[in-house]
Structure formats: structure tokens, C-alpha cells
Amino acid sequence: MIKVENLTKRYAGQTAIQDLNFEVGKGEIMGFLGPNGAGKSTTMRILSSFMPATSGRATIAGFDIFEQSLQARAHLGYMPENVPLYNDMRVTEYLDYRAALKGVPHRRVSERVGDVKELCGLKEVEKKLIGALSKGYRQRVGLADALVHEPDLLILDEPTSGLDPNQIRQVRDLIKNLGKQHTILLSTHILPEVEMTCSRVIIINKGRIEACDTPENLLGQIRTAGGVVLEAKVGSDDGAEELRKIAGVRDVTASTDGEWEVFALRVEANTDVREEVFRLATARRWTVRELSQRKATLEDVFVEITHPDAE
Ligand SMILES: Nc1ncnc2c1ncn2[C@@H]1O[C@H](COP(=O)(O)OP(=O)(O)O)[C@@H](O)[C@H]1O
Ligand SMILES: [Mg+2]
């Protein structure tokens, strides 16, 4: 559905994206992850024909986005990071206007606008002025706008940014639902969101793709970021020193919580040191109130990939 080859964009004096290569298959929900300034919006704007690339090429549904931009755009609904909306238009009026602008035939406009209002939960605000809507509703208007001409591909740039947790959940459910019938490229900085909604993830950093895989495989690669937590009273022992002697333990950091010591152990890949920790604690007569293993999250993957030197 999307094919990107050696896509590069330079702004005056600065390279925003460099030699990007990736594909998004029909029906996929692809997450696009990266720190601020990584080049996510730049990539999405280029794919949506909002600005040209410096070099490289990309196709959408087989159409070259530069040479066959009209055909490519007919397949694509784009929701930019800051949805430009007309504050003094009413919701229905705005969507009617956008539908016409995007070439929806006149006789179909009211049906299509009715459908997207339904889908995006906009019925109850359809007569309101856009300027009077909450941020959550404005995002939904942006989404309805992206959907109104029945594209099979959606490019959504941070669709949940600025929303509260309830609104995030609603928009996330909506996206998941849309994913049943659309191909989606979705950028976000909210990592659990990606784990919950995306079939694959691209991690981009400083304009380059650092990883592209399923969330499960990415997590598998960095098991090391999982660790063990021990909270104990260790008397006069040097707990961290003792714990470091356990085979498979790479590093131990210690902090305190009142009279308890909290040890965070980083362990080698695919090792479970909890049994050894338990034995040590028993042998040294430590009082233990917690011994647990923390599973790696996509956040660990993200940190490891985008800050390889950070410990
Ligand atoms: N219009 C522009 N002019 C110059 N530099 C820009 C422009 N837009 C973005 N950039 C730069 O390009 C890089 C990528 O930005 P962007 O694509 O917005 O990243 P992201 O969406 O991942 O936060 C950043 O370093 C940013 O400062
Ligand atoms: Mg951005």
C-alpha cells in the first residue's frame, strides 16, 4: 500500500530524513515511533504530497506520489499533527465543504458526511461551531475529514496528542476499528498505544530508520532491559555487592525507601535470576518484602534504540 525508497528530505542546511526505505502492506496498522524531531511529520507530509522530497521515491497504492499525485491522494486520508480547522464553520458544514473539495460526487456528500459523523462520534456536536469544540472533538473532526472520501489508507500524525486519558482511549478504539478496513500509518509518542494497536512498528531516530518489526519481535530483541527488583532489609550487608556476584547479573543499582533497600538488577538476556536471589537472601537472613521480574516494554526498546549509550 505504501512503498518508500531512499526517501530523503533536506531543509536549508539540515537533513530531516535520510534514505528511508520501508513498505506498509494492505491492512497493516504500522506504528511510526521516534523522539521529537526524528522526522515523522516530515515523512508523513511528503507521503501526503504536502511537500516534495529532496530525493528518493514513494508510491501509494502503486501511484507515484510525485508524478501521479492526484491518483495517490485519492487513496489516502491524511490527518496532520495540527489539524487545520475553520473555527467559524459548523461541523457538518465543514465536512460537507471538505467532501466537495476532495471530489466526493455532489449526490453522495450528505451520505458520506453522515457516515463519518456516525463513525467518529460527531452526531451530538454536528451543529456546533468548530471553534467551540473540545480538543477531543476537534481531533475527531480531523479524523472524519481524513475519512470522508473513503480512502483505503490513513496517515495519522499524532492523533491522540493533547488528549486526556479517556479521550485517548476513545480515539485508540476508533483507530483499532478503522484498522479492520483500512491500512494505517500512525505516528505517536505514546508507547502503550502502539503495543495495543499496531501490527508492526518503525522506530525512527535522527531521520534514519533504526528498527522495523512487530512489537513482539522488538521486545524479544531486548529482553535484557527486563530486570529484577528486590526490596529487602539487608542489615549491615552490602546488598548490591552480594547481588552482583550472582551469575547473569550485569548491574545492580540500589536506592532506599524508608528503612528498605530497593535493588534494581539488570540481567543478561533470557536469564531468570530470581531463584538465586531468593537463595542469597535466605542465606544472608535478609528480610524480603518484594522480589519481582519486570517485563521489558516497548519503552525499553525505544530507549535502548534511541539512546544506545544511556544506562
Ligand atoms: N519547515 C521546516 N524547516 C526547517 N526544518 C524543519 C522544518 N520542519 C521540520 N524541520 C526539522 O526537521 C527535523 C524533523 O522534524 P519533524 O519531521 O517535524 O519531526 P517529528 O515529527 O518526528 O517530531 C527536525 O529537526 C525539525 O527541526
Ligand atoms: Mg511531528
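**Sheet, helices and ligand shell**

I note that the model is predicted. I then looked up the pairing behind this position: strand 6 and strand 7, residues 153-157, run in the parallel sense and are joined over four bridges.

I recorded an open sheet of six strands in the order 6-7-8-3-9-10, with mixed pairing. Strand 6 (76-79) and strand 10 (208-213) are at the edges; each has a single partner strand, so one side of each lacks a neighbour in the sheet. I noted an average twist of 15° from one strand to the next.

I then asked which helices pack on the strands. Helix 1, residues 40-47, packs on the sheet and touches strand 3 (29-33), strand 7, strand 8 (183-188) and strand 9 (200-205). I recorded about 145° between the direction of helix 1 and that of strand 7. Helix 11, residues 298-306, lies across strand 3, strand 9 and strand 10, and runs at about 30° to strand 9.

I listed Tyr11, Gln14, Ala16, Gly34, Asn36, Gly37, Ala38, Gly39, Lys40, Ser41 and Thr42 around ligand 1. Strand 2 (14-24) and helix 1 are the elements that give two or more residues to this shell. Helix 1 supplies the largest share, three residues.

Technical notes: Residues numbered from 1 in each chain as written. Chains lettered and ligands numbered in written order. Predicted model: local features only at pLDDT ≥ 70, side-chain atom pairs only at ≥ 80, totals over all residues. Pairing = 2+ DSSP bridges. Axes fitted to C-alpha atoms, helices over the stretch in contact; angles between N-to-C directions. Contact = placed C-beta atoms within 7 Å. Near = placed C-beta within 6 Å.
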